[in-house]
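Hi,

Here is the structure I promised to pass on.

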Amino acid sequence: MKRREFIKLSAAGCAALGAMELQGRGLFRPAVASGATAGATSQGLPGSLGAKEISSVCEMCFWRCPIIGKVKDGKLVKIEGNPKSPSNGVKVCARGNSGVQLVYDPDRVKYPMKRVGARGEGKWAKISWDEALDEIVHNMQNVKKKYGPNALAYFDHGASAEFMRDIFKATGTENYTNEPAFFQCVGPVAIAYLNTAGYLVSGTRQYIDMGNAKAILLVASHIGENIHVSHVQEYMKGLESGAKLVVVDPRFSAPANKADIYLPIRPGTDTALLLSWINYVIQNNLYDKEFVKNHCEGFDKLKESVKPYTFQWAAKICDLKPEDMKKAIDLLAKTRPHVAIHPGRHATWYGRGDVGRHQALSILTALFGAVGVPGGIYFPTPVKKPKAANMGIEVKESEPPVSLKTTYPYASMLGTPTAEIIKATITGKPYPIKLWGINGVNILQTIPNPYDTMDAIKKLDFIFCSEMLPGETAIWSDIILPDTPYLERYDAIYTYEGLTPYMTVRQPVVPPLFEAKSPYWVSHQLAKKFNLSCFPYEKEQDYLNIQLKPMNLTLDKLNAQGGLITFPAKPYRDSKDLKLPTDSGKYELYVEDFAKNKLDPMPKFIATPAAPVGYVRLVYGRMPMHTFSRTMNNLWLHNECPENELWLNDEVASKIGVKDGDTVVIENHAGKQSYPVKVKVTPGIRPDAVYLPHGFGSTSPLLTKAYKKGASDEFLITNYEADPFMGASSHRTDFVRLIKDGKTLNIPEIKPLPPDIPRFEMKKTA
Ligand SMILES: Nc1nc2c(c(=O)[nH]1)N[C@H]1C(S)=C(S)[C@@H](COP(=O)(O)OP(=O)(O)OC[C@H]3O[C@@H](n4cnc5c(=O)[nH]c(N)nc54)[C@H](O)[C@@H]3O)O[C@H]1N2
Ligand SMILES: Nc1nc2c(c(=O)[nH]1)N[C@H]1C(S)=C(S)[C@@H](COP(=O)(O)OP(=O)(O)OC[C@H]3O[C@@H](n4cnc5c(=O)[nH]c(N)nc54)[C@H](O)[C@@H]3O)O[C@H]1N2
Ligand code: SF4
Ligand SMILES: [Mo]
């Protein structure tokens, strides 16, 4: 298919791809449904299905699209986008649609449960809420008394977990992770952009104006497999309007498919490519002189530092052709400043060098003047935020003699690095950690190394979790609290600060099933039991109304407006008085603060070790139908995509005698093996890597659909390296070979390694 035709087809809804396929089974009407009622309210206007329509917010992933739930005879029958939403409109993706099946999953955690078998064995007895909460309070108090406040640790992710974080903070512990999404996801991007542009260009939201770009650069960011509805829509709008696309990825990804120039780079070498581009742009005067002169700091130092990095140097390291590298950067430079250099999102790849890679992307953005202009990175428009939900908690963080938070200079902005908590739990050093609370995160599928995590859990006095589904983390818990899925509860007010800012609220579309209780209710009860003054309101609606009061709003007033109100945006710069939120007010091409912390003030290429002989690198990514491990047991999504496939290069496959569709076991360098998985033999991946979509291979027998379906990348990640800036843990520093019919197949090396790249030493891991 020609590129334009492909784009047109995708424009019908790349984001809605899953939904379109599901429609084929008669499960859904079209994603862009005519039945969506504008201005739907929680009062329940009749919709086209004769259903009540209630506005809320999706949390099948963290993009949090505004939605409408359609309820008929008390049952949730359909989810669509909120037509009032300026970002997604009536569209949701396949996962958003399938929230229905999260509510009605028969495997849900239905009651508070107490472990009766051994940890990890999966045997529980039903207990009452009061007993469960008393047990938690009793254990938290005991552990604090015996070992001090820092012996308590809290792992959390997502909106549901924010309330309980305050309860943990109030105990005085320094150990809450404020989302492993930082230490396993966006941390390096956040640090890079906060210290160059001065603001969080890419966090939960990503302020990159692909819709108005004349060219787009995607380094890894595999949009189309990575689905966030409005993000995909903006990307598609850009391409349909003629934007050129350059994609850098060792795998022929969904965007590589649409690219004008595709660079199949050697994994782990992107910074070499970016440095050679920066040097070329400077040497050939392709940069925005006016922007650099007026709004950047450190240009001369940058110019000097990138001088050695030629295309010839980078080409060998990256295994690319110098002429292709040149073509790509010429193409991007021609469209400046309207060029969208995507900042990236998941970036904890190789440990050392992860911040530098995103700093290099940020520098390239500034050199092109693509800052606060249509098509570039843009400025969020602050929306006046309602008062915090906890109503005046006192945080009494203690100051231990040796803090885990300060192990790395940039860790503390979001909590304690997860790896540090796990290490301290295992070793008891620098102080003991004896209790974990877990909320909204499946630590065994998302934090490397899961075998260390299990060892750590065995050392705890007590571990509890709040969950909807009995995944692997729940299985290891002493107490499980049955949480309400996002469709059964209120959460705090949401604001969106992108191209059309808005405010909306998550509210229950259906009442909680079984004995599930909302996160606010749980925190309210815990606060009472701990005698804390936070979460004083009995009902969520009351605290939401208090939150909204300074804005002259109430829940009813917000609902009368379709559950969402918009604000005017100011995303672009007024060049004359541009002042960026950095120390100097300018874009920092040289980061003084990094230097002060003895870190590289400008990006450097740091080679990550390559595979030992006989092995290849394990890489992973997203798949449109699923979000991490959380959707694997969802009936509709599981029916569409029950298991993953391992992408294997065709030349390698023919040399080791593996055919498309064969089943293999993946074994990593430390001898850890996956469940059996099918192989997809393809020229669309380099011979020095294999690729697994993430989230599959559940080890929990209580997830009846997901158990042992496909292979888990996570259970093959045993070697990780900490990022020196924030202690985030790398995920792409493991190497694997294959086992077929009981025979171990060593993988031949097809691309010889240049001398600048060392090999991984097998003895380094346990
Ligand atoms: N459907 C769906 N969408 C999602 C999610 C989901 O679970 N499901 N999760 C969301 C979240 S929280 C995040 S953070 C984002 C993550 O999505 P991204 O930020 O796009 O993730 P990346 O890891 O950057 O990209 C994965 C790609 O990196 C390529 N790759 C691997 N190694 C290298 C390398 O060394 N260099 C280069 N250039 N490429 C490499 C892989 O082949 C793959 O195509 O997705 C979001 N969107
Ligand atoms: N190996 C590997 N590790 C990764 C990644 C990868 O691609 N590969 N990706 C990384 C990235 S980008 C991210 S953002 C993180 C994501 O990390 P996680 O958020 O931990 O991802 P999930 O696997 O979806 O686990 C979420 C868990 O929370 C539960 N849950 C979902 N919603 C709720 C709720 O409302 N309340 C409660 N109480 N529980 C809920 C789900 O049932 C599930 O068990 O993982 C990171 N780690
Ligand atoms: S992108 Fe899909 S799963 Fe994520 S919030 Fe939007 S509709 Fe929900
Ligand atoms: Mo993420």
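The chain has a mean pLDDT of 91, and 91% of its residues reach 70 or more (pLDDT is the predictor's confidence in each residue, from 0 to 100). Over residues 1-47 the pLDDT is below 50, though this stretch still has 107 contacts in the model beyond near neighbours in sequence (a contact means heavy atoms within 4.5 Å). Where pLDDT is low, the predicted coordinates should not be read in detail.

Some bookkeeping: this is a predicted model, where local features need pLDDT of at least 70, side-chain atom pairs count only at pLDDT 80 or more, and totals for chains, interfaces and linings use all residues. Residues are numbered from 1 along each chain as its sequence is written, chains are lettered from A and ligands numbered from 1 in the order in which they are written, and side-chain values use heavy atoms, with hydrogens and water left out.

**Around ligand 3**

The shell of ligand 3 consists of C58, M60, C61, R64, C65, V92, C93, R95, G96, I227, H228 and V229 (a residue is near if one of its heavy atoms lies within 4 Å). By type, that shell splits into eight nonpolar, two polar and two charged residues (Ala, Val, Leu, Ile, Met, Phe, Trp, Tyr, Cys and Pro count as nonpolar, Asp, Glu, Lys and Arg as charged, and the others, Gly among them, as polar). Ligand 3 lies between domain 1 (19-103) and domain 2 (197-380 + 574-596), because both give residues to its shell (the bounds come from an automatic or database domain assignment).

H228, one of the shell residues, sits in the loop between β8 (215-219) and α8 (229-240) (helices, H or I with at least four residues, and strands, E with at least two, are DSSP runs numbered from the N terminus). H228 is buried, with a relative accessible area of 9% (buried is under 20%, exposed over 50%, partly exposed in between, with a 1.4 Å probe and protein chains only). Leaving aside neighbours within four places in sequence, H228 contacts C61, W63, Q206 and R345.

**Aromatic pairs**

The whole structure holds 26 aromatic pairs (Phe, Tyr and six-membered Trp rings with centres within 6.5 Å; planes under 30 degrees apart are stacked, over 60 edge-to-face, the rest tilted). F163 and Y543 have ring centres 6.0 Å apart and planes at 75°, so they pair edge-to-face. This pair links helix α6 (residues 162-171) to helix α20 (residues 540-548), with F163 and Y543 380 residues apart.

Cheers
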